[in-house]
Structure formats: C-alpha cells, structure tokens
Amino acid sequence: MQGKKIYQEKLFNDFRLSDRIPGHNFYRLLKGCLDLDFLYSLTLVFYGKSGQKSIDPVVFFKLCLVGYLENIISDRKLIDHCSMRLDILYFLGYDIDEELPWHSTISRTRQLFPESVFEEVFTRIFEMCVSKGMVNGSTQAINSAPVNANASMDSLELKVPEQDLMSHLADIRHISNRDKETVRKAKGNKAVK
C-alpha cells in the first residue's frame, strides 16, 4: 500500500533545539569554543545610556561570523538563511519560535563600530578557535563541503570563504554605506516637498 505523508503543524511542548543538533556539527562545536562575553565591555562605549535596547553585541558578531562562513553579504539573505538553519539558530542562542533581528538592525549596528573593533573581534575569535584545535596549519576550512548533484566522491570540493575577511567586511561596509546614503537622500527629498 502506498503511503502518503501529511504535514500538520504541531505545538511542540517538549522540543529542545540542542537535542536536534549533532555533537559533531560545526556550529555546535564553534559555540562550545567561543566565549564572547568580552564583547560587552569592548562595545559599551558605542551605545547611549537611554532609548531602546539594541541587538546583543554577541548575537550581532555571531551573525557577522555566519555571514562570512556562509559567503553571504546581504543582511536580508543572512537573516533568511539563519532562520532556516537549526544549527545556526542554536549557535546564535535563538529558539525556533524566536524572531531574529531585522536585517536593517544588522546594517545600522554595523555602522556603529569602527573597523578596528571588527579586526579585534575576529582576531580573538580566530585565536580561540586555534587554541581549541579547530584551526591549525596554513589552510582554514569549515566542517562541511559543497557537493555536486551526483554526490560522487571525485566531485567533493573544500569549502572556503570566497574572500578574505577584510575584503568581505569592505563589501558589507560598502553596501551599508550605500543603504545609508539612500535613506539620507530619501529623508532629504521629503523635507523639500
């Protein structure tokens, strides 16, 4: 008899994201390696004392790291990608029913910090990964590989970031500046009317 799978939404009363992420998963291993509490004191000077609470700087820099590792430079695509991946949600500290920050929040937050902060953060993250044995030698790679459709062993390729970190940050900063300029022009046009 032919079976037919019928999908029906359920309210999970006993679902734990951590139970769904294998122990060998790259983002689970990375989460165990990184202690990013230093970010609170490092970034404190860039925030005001009043107003709405901003995105957690640990979440922000984890999102930046995911963007780099997954070769995503669009904040909108980054949020869409992260929302579909259980392992990345776990890495970020979000549950399946929690909304990720808006893509525009990521852009605005990126503009708060000078390039030197990004360099320091990613240097320290790299040092943590080296000290935990996740990175060694002269080649950096993550624990996954894109595979052509036939999944032949001959077609396996090493997954490496498309750009070095500085080029990636420069591309993102260019996009953020372009977005900021568009908003500034739009506000200027409204004032003229």
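**Notes on the helix packing**

1. Let's start with a crossing: α2 and α4 cross in a right-handed way. A crossing gets that name if the near helix is turned clockwise from the far one by less than a right angle, and left-handed if anticlockwise. The helices themselves are DSSP runs of H or I, at least four residues long, numbered from the N terminus.

2. A word on the source: this is a predicted model, where local features need pLDDT of at least 70 and side-chain atom pairs count only at pLDDT 80 or more, while totals for chains, interfaces and linings use all residues. Residues are numbered from 1 along each chain as its sequence is written, and side-chain values use heavy atoms, with hydrogens and water left out.

3. Back to α2 and α4: their axes are 13 Å apart, at an angle of about 140 degrees. That makes the pair oblique, the word for whatever is not under 35 degrees (roughly parallel), over 145 (roughly antiparallel) or 65 to 115 (roughly perpendicular). Axes here are lines fitted to C-alpha atoms over the stretch in contact, with angles from 0 to 180 degrees between N-to-C directions.

4. Which residues meet there? F26, Y27 and L30 come from α2, and L65, V66 and L69 from α4. The contact (heavy atoms within 4.5 Å) holds six nonpolar residues, no polar and no charged ones. Nonpolar covers Ala, Val, Leu, Ile, Met, Phe, Trp, Tyr, Cys and Pro; charged is Asp, Glu, Lys and Arg; the others, Gly among them, are polar.

5. Now look at α4 with α8: their axes come within 12 Å and cross at roughly 75 degrees, so these two helices are roughly perpendicular. F60, F61, C64 and L65 of α4 meet V117, F118, V121, F122 and I125 of α8. That contact counts nine nonpolar residues, no polar and no charged.

6. The largest nonpolar core has 44 residues, and L30, L34, F61 and L63 touch the most other members. Such a core is a set of buried Ala, Val, Leu, Ile, Met, Phe, Trp, Tyr and Cys residues joined through side-chain atoms within 4.5 Å. α4 (57–69) is among the helices that each supply at least two core residues, and it gives the most, with ten.

7. T109 touches Y47, I55 and F60, leaving aside residues up to four places away in sequence.

Terms used
Buried means under 20% relative accessible area, exposed over 50%, partly exposed in between (1.4 Å probe, protein chains only).
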